[in-house]
Structure formats: structure tokens, C-alpha cells
Amino acid sequence: MSSKVNKVHEPLFHIAKRTGIPTWLSWLIRILSVAAALVACAVVTVILTGENPISVYATMIDGAIGTKRRVWSLLQNTAILLCISLAVTPAFKMKFWNIGAEGQVLMGGLATTACMILFGESMPSLLLYVLIIVTSIAAGAIWAFIPAFFKAKWNTNETLFTLMMNYIAMQIVSYFTYIWSVPKGSGQIGVINAATRAGWLPSIGGNAYLINIIIVAVLTVGMYVYLKYNKHGYELSVVGESENTAKYIGINVKKVIMRTMLLSGAICGIAGLLLVSGTDHTITRNTVEGRGFTAIMVSWLAKFNPVYMILTSLLLVFLQKGAIEISTIFGLNDSFSEIITGIIIFFIIGSEFFVNYQIKFRESQKGGNK
Amino acid sequence: MIVAFIQRAVVQGIPLLFGSTGEIITEKTGNLNLGTAGVMYVGGMTGVIGAFLYEQSAETINPVLAVLIPMLSCVLGSLFMGLLYSFLTVTLRANQNVTGLALTTFGVGFGNFFGGSLIKLTGSDTPSITLTQTSNCFKQALPFADKLGWFGDVFLSYSFLAYMAVAIALIASFFFNRTRAGLHLRAVGENPATADAAGISVSKYKYLATCVGSIIAGFGGLYYVMDYACGVWSNDGFGDRGWLAIALVIFAIWKPSLSILGSMIFGGLFIVHNYIPNLSMSMQEIFKMTPYVVTIVVLIFISMRRKRENQPPASLGLSYFREER
């Protein structure tokens with residue numbers, strides 16, 4: 001910058017941390033950012049398709065909630081995304097960057113698949129369900145525990161560790177899709193127990209996905225209570241705020257890290273169960289479809305609050321569904337939805353700045369130059 | 001056969017080398033850019049777009065332009081991604097992990113979207129994106145490579161981008177360890193508050209490193225499409241290489257010179273299953289796991305050893321705000 005310092009030059013503006021912000025104002029900022037993001041998305045869509053913006057929005061809404069089937073699919077996808085978001089939340093509140101949800105969900109799903117294939121014929125259905133639930137929770141929890149153990153013991157970087165665990169999980173799933181593939185060597189498992197429906201989550205009142213949604217709703221309430229009213233929830237938020245503070249007041253940080261990651265992985269395992277047993281009835285290495293990463297954004301956008309997460313996950317799934325509809329109608333690639341998701345998240349991430357900081361402009365001095 | 005194996009391992013390794021060198025430069029300033037996977041997709045795709053438009057519009061292909069246009073558009077594309085990331089994390093102080101993942105979502109989506117829709121959007125009548133002519137210009141090897149037997153095959157048979165990758169890694173290594181700016185850059189990553197107090201502009205270094213890092217990573221995507229894939233874009237063809245590049249950063253313990261060797265090893269691990277006879281399809285999948293397992297082992301090892309020069313930059317993943325001290 002300028003090296004001449006004959007005059008103290010005050011910058012045009014500087015940035016200061018807000019001491020407090022009224023809730024209404026913070027939400028106004030967030031809502032405005034979503035609105036701005038929607039406008040930006042519409043602009044992009046209009047440029048690419050040449051359609052007028054109103055019909056673009058109409059197509060999106062139609063794609064997301066146009067038919068009864070679509071509404072169910074929207075709710076189902078929201079439930080799964082919400083479930084994974086709930087799973088990663090306690091870890092994030094602790095500032096443990098678990099970006100391995102993808103792998104933990106896959107391992108849970110793999111455990112479910114194994115139970116369905118190996119014991120689907122031979123076991124009474126009640127026992128099979130119990131076995132599925134126990135193994136999938138255990139599989140997810142173990143997969144999350146490994147990085148947590150090393151973090152607690154040797155402070156191994158958890159972001160990179162959990163990231164690598166994702167791809168190991170994917171390869172393991174690929175391995176088993178070859179082992180169990182139908183027909184042999186095709187590398188695809190296909191629908192498991194299609195005839196007997198053994199190990200499939202039952203449909204309630206003819207709605208196949210209702211049970212998933214109910215399970216996730218219960219989990220949401222449970223997580224809200226756990227984080228807000230439970231001692232564990234308090235402890236992990238203290239660890240997240242400051243590890244040293246936690247140590248001074250006698251919290252066993254290592255124990256909290258491992259315990260929280262076990263919980264995080266266990267819920268991921270349930271998400272895997274819901275995906276395999278409750279939705280797809282099969283598994284591939286891409287079953288999770290990157291939701292493990294999207295969940296991180298959902299959780300962060302909702303400020304780690306399970307209730308707001310319902311809104312953020314619904315928003316993202318709604319946009320994805322809408323964008324896929326647009327790409328189908330205009331014969332474009334359905335990765336369009338990822339572009340839209342990216343844009344929305346960029347805007348919301350950016351808006352957080354204005355919630356946390358304020359820009360103070362230089363006050364004009366009387367008689368001062370400029 | 002060993003010669004062919006080494007050759008293919010190197011070709012596999014070069015995109016990773018680009019990606020990891022870029023990521024190391026970025027991470028050395030404390031910015032953990034998990035968007036590298038997305039940046040590499042965007043770099044590859046913008047290169048393809050540039051080449052595609054040029055091949056469609058030009059009567060005859062001028063080899064110099066055919067190389068320069070994709071490279072320039074690749075630079076612009078990845079520069080945009082780098083700027084976006086730095087604006088959000090440095091200026092707006094957003095969370096780096098979330099921003100990086102959003103960048104990956106966006107970048108992979110961008111690559112696949114234009115990969116699948118470019119032909120329709122430009123209204124051309126080609127059935128698929130096949131840039132053979134451009135690819136041939138990129139793949140121009142040294143003229144005397146095939147006259148030197150195995151030596152030529154192992155060391156001289158690659159295209160200019162491959163040598164560029166090695167050169168960039170060596171330059172980066174020199175820059176970090178032997179120049180004042182490199183020292184400043186590392187200081188920003190280790191302790192931004194101290195660097196700031198010493199009069200180093202933290203934001204400037206973070207911006208520059210992230211943008212330069214992104215451009216380098218973007219070349220990885222370009223190399224993949226133009227050289228490895230012979231100019232044929234296939235969606236998701238690039239696969240998980242972006243994440244593998246991030247893994248390589250750890251494997252090379254944040255040293256660009258080591259990542260040259262590391263990238264060849266990773267490239268070898270990536271394809272070794274093709275060279276083991278009688279390997280079933282399922283076992284091949286297990287072999288593909290090795291780069292990640294090796295990375296985890298390295299990660300655990302360096303955290304247990306606690307050797308100071310092998311640690312990640314101390315402020316990795318944290319945004320810096322002067323008033324928060």
C-alpha cells in the first residue's frame with residue numbers, strides 16, 4: 001500500500017464484529033440471501049434455456065410437488081438428507097469436522113444389505129429386523145469411531161481422515177457388489193428379496209416411504225432434546241467452543257469426542273438402513289449420492305439447530321428436484337441441479353458474513369477533505 | 001512391461017501432481033480448499049469448452065492456438081473458482097469446509113452439466129465431445145523420445161503438460177524454502193496473527209496462494225481430458241481424482257518435491273490391479289482402496305511422531321479476522 005504517511009488516512013470502511021443482532025434482522029438477511037440466490041439461479045436458467053423466468057419457476061415447482069408421487073419423493077429425500085444432517089450435527093457442534101458421513105452411511109447400508117442377503121430366507125422377520133438395526137448402527141458407529149479414536153489419542157486431523165474413510169467404504173461396497181452380484185459378475189446386486197420382501201421396511205397405509213419419514217421425525221425431536229436439554233449436549237458444545245475451557249471445568253474431552261462420534265456414526269448407520277431397507281432395496285457405491293457432503297451444508301446453514309434443518313434440507317431437496325425437472329424438459333444434463341445447489345449455498349454462506357459482521361463506513365469529518 | 005507400467009503410472013499421476021501442488025500452495029496459507037475436486041472438474045471442462053468452440057469455428061486447426069485457447073480458458077475457469085473460494089473464506093470469513101464442499105458440488109456439477117449439454121447448447125451436430133485434433137496437439141511428445149529405448153519411454157515420452165507439472169512442483173518447493181515471499185506465505189499459514197503483526201498482508205497472501213493453487217489444480221483437469229482421455233470428455237470420468245489429490249498432499253507431508261514421487265506412486269497404486277494376473281473383479285476393487293489406506297497410515301504416523309516439520313500448517317482450516325485475538 002502507500003508508504004507516504006504524512007497524513008493519517010482512514011479507510012473508506014472497516015469491518016467490525018457485531019456484538020449482537022436481533023433475531024428478526026438475522027433472519028431477514030438470510031431470507032434476502034435465499035431470495036437473491038433464487039434470482040441468480042433463475043438468471044442462469046434463463047440464459048441456458050432461453051425460457052422466461054416465470055415458467056422456469058413454474059417448472060421447478062411442478063417438478064418438486066407437481067404430483068402426489070413427486071410430493072412423496074420430495075418428503076422421502078428430505079427425510080434421508082435430514083437424517084444424515086442430524087447425524088453430523090453433534091460432531092460439528094463439537095468442531096469435529098466429520099466429512100465422512102458418506103462412508104458411515106454406506107457402511108450402515110452395507111450391513112443392512114448383508115443381513116438381507118445372508119439371512120433374508122432363513123430368519124424369522126422380527127429377528128431379521130432386530131439384526132438389521134443392530135448391525136447397521138454398529139457398522140456406522142465403528143466407521144466413525146476409528147477417526148475419532150485417533151483424533152482423541154493423537155490429535156490426527158479428522159477432516160482428512162474421515163474424508164479418506166469415505167473412499168475406503170466405497171471400495172468395500174464395490175467389492176461386495178461383485179461378490180453378491182446378480183447375475184454373477186455383473187457388479188450389480190439388483191433388488192434384494194424382491195419376491196419375499198424380507199428385511200424391507202413395511203409400508204404404512206400403502207405409503208412405502210412413510211415409515212422413513214416417521215423415523216427421521218422421531219430422530220429430529222430426539223436430537224433437539226439431546227443437544228438442548230441433555231448434559232452430553234452441553235458438554236459437546238463446550239468442547240466445541242473451547243477445548244481448554246472444557247478441560248478446566250473437568251470435562252473429559254477425549255471421552256466426549258469418542259462418544260459424540262459414536263452417536264454421529266450410529267445415526268449415519270440408521271440413514272444407511274433407511275436408504276437400503278426403506279428406499280432402494282439395493283446398494284451401489286453411489287447409493288448415498290453425495291448426501292454426506294450436502295448434509296454438512298444443511299447442518300451448517302441451519303446453525304446446527306435440528307428444527308431449522310428441516311427447512312434447509314427441504315429447501316435444498318426442493319431445488320434439486322426442481323432443477324432436475326428443468327433439465328429433463330429442456331433436454332439438458334441433470335447435473336444442472338448441482339449447479340443450482342452450489343449457487344444457493346454460495347449465497348447463504350456469503351450472507352452469514354452480514355449476520356456476524358457489520359461494515360462501518362468512514363464518518364465524514366466536518367471540513368475534512370473527502 | 002515394467003516400462004509400460006511406469007509410463008501409465010506417470011500418466012495417471014500427473015493430474016494428481018497438478019492437483020496436489022495446487023492444494024499444497026493453498027494449504028500452506030492455512031486455506032484448506034476441499035473444493036479442489038470441483039476446481040479440477042471446472043479446469044478440465046472450461047478447457048474443453050475453449051477447445052470445442054475453437055474446433056467448431058476454425059477451418060484449419062493451428063496447433064499453437066489449439067493449445068493456447070484451452071489453456072487460457074482453463075486458467076480463467078479455475079481462477080474464477082479460486083477467487084470465489086477466497087472471496088467467501090478470506091473476505092467474508094466463511095467456514096472453509098462448507099465453502100470447499102459447496103465448491104466441489106458446484107464444480108462437479110458444472111463439469112458434468114456442460115459435458116452433457118454442451119452439444120445441445122451450442123447447437124452443433126457432432127454426436128459427442130471428441131477433441132482428437134486438440135488432443136493431438138497437446139500430446140506432442142519430444143521428437144527423439146522413441147529413439148532412446150526404455151530410457152526415452154520412461155523419461156521423455158510424455159506431453160509438455162507433464163513436464164510442466166514436475167517443473168511447477170519443483171518451483172513451488174524452491175519458492176517455499178528459499179525465497180522471502182515463500183517464508184511469508186508459510187508464516188501466514190502457521191500463525192496469521194503473528195504474520196499480520198510482522199507487516200505481512202494476510203489477505204493478499206491467502207488470495208494469491210488460493211488463486212495460483214486453483215489454476216495449477218485446474219491444469220490437472222485439463223491434462224486429464226486432453227492427454228489421458230485423448231480429448232474425449234465423459235461425465236464422471238475424472239472420478240475421485242480430486243480427492244486423491246488432497247490425499248496426496250498428506251502423503252507428501254505438504255512438500256511439493258515429495259509429491260512428485262508421491263504422485264507416481266499413487267498413479268501406480270491406482271492401476272496396479274491391471275498388472276496382477278488372474279485378479280477377480282472384486283479383488284480389483286480392494287486394490288483400488290490402497291491409495292486411501294496408505295494416506296490414512298501416513299496421516300496417523302505423522303500425528304503420532306509429532307515431528308514439527310511434518311505437521312500440517314498450524315492454522316489450516318481457520319479463517320483469520322484481525323480483531324479476534
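**Chat on a two-chain predicted model**

User: How many other C-beta atoms lie within 10 Å of Lys303(A)?

Analyst: There are 14, so Lys303(A) is partly exposed. Keep in mind that this is a predicted model.

User: Where does Lys303(A) sit?

Analyst: Lys303(A) is in the loop between α11 and α12 (306-329) of chain A.

User: What about phi of Lys303(A)?

Analyst: Phi is positive, near 55 degrees, and Lys303(A) is not a glycine. Most residues other than glycine have a negative phi.

User: What is phi at His281(A)?

Analyst: His281(A) has a positive phi of about 60 degrees, again without being a glycine. This histidine, His281(A), lies in the loop between α10 (253-280) and α11 of chain A.

User: Is His281(A) buried or exposed?

Analyst: His281(A) is buried, because it has 22 C-beta neighbours inside 10 Å and the cut-off for buried is 20 or more.

User: New topic. How many residues does each chain bring to the contact?

Analyst: Chain A gives 43 residues and chain B gives 46 residues. On the chain A side, β1 (13-17), α5 (125-154), α6 (158-179), α11 (291-301) and α13 (336-356) each supply at least two.

User: Which element has the largest share on the chain A side?

Analyst: α6(A) does, with 12 residues.

User: And by class, what does the side of chain A have?

Analyst: The side of chain A that touches chain B has 26 nonpolar residues, 14 polar and three charged.

User: Over to chain B. How many helices and strands?

Analyst: Chain B has 14 helices and zero strands.

User: How does the radius of gyration of chain B compare with the globule rule?

Analyst: The radius of gyration is 20 Å, close to the 20 Å the rule gives for 325 residues, so chain B is as compact as a globular protein of that length. Its C-alpha atoms fill a box of roughly 60 × 45 × 40 Å along the principal axes. Of the 325 residues of chain B, 52% count as buried.

User: How much of the contact in chain B comes from residues 24 or more positions apart?

Analyst: Such pairs make up 80% of the contacts in chain B with a separation of 6 or more.

User: At what angle do α1 and α7 of chain B cross?

Analyst: Roughly 30 degrees, with the axes of α1 (residues 2-27) and α7 (residues 160-178) coming within 9 Å. The two helices, α1(B) and α7(B), are therefore roughly parallel. Their crossing is left-handed.

User: Which residues meet there?

Analyst: Among them are Ile14(B), Leu17(B) and Phe18(B) in α1(B), and Ala165(B) and Ile168(B) in α7(B). By class, the α1(B)–α7(B) contact has 11 nonpolar residues, one polar and no charged.

Methods. Residues numbered from 1 in each chain as written. Chains lettered and ligands numbered in written order. Predicted model: local features only at pLDDT ≥ 70, side-chain atom pairs only at ≥ 80, totals over all residues. Contact = placed C-beta atoms within 7 Å. Helix = DSSP H or I, 4+ residues; strand = E, 2+ residues; numbered from the N terminus. Nonpolar A, V, L, I, M, F, W, Y, C, P; charged D, E, K, R; others polar. Buried ≥ 20, exposed ≤ 12 C-beta atoms within 10 Å, placed from the backbone. Axes fitted to C-alpha atoms, helices over the stretch in contact; angles between N-to-C directions. Parallel < 35°, antiparallel > 145°, perpendicular 65-115°, else oblique. Left-handed = near helix turned anticlockwise from the far one by under 90°. Rg over C-alpha atoms; globule rule 2.2 N^0.38 Å.
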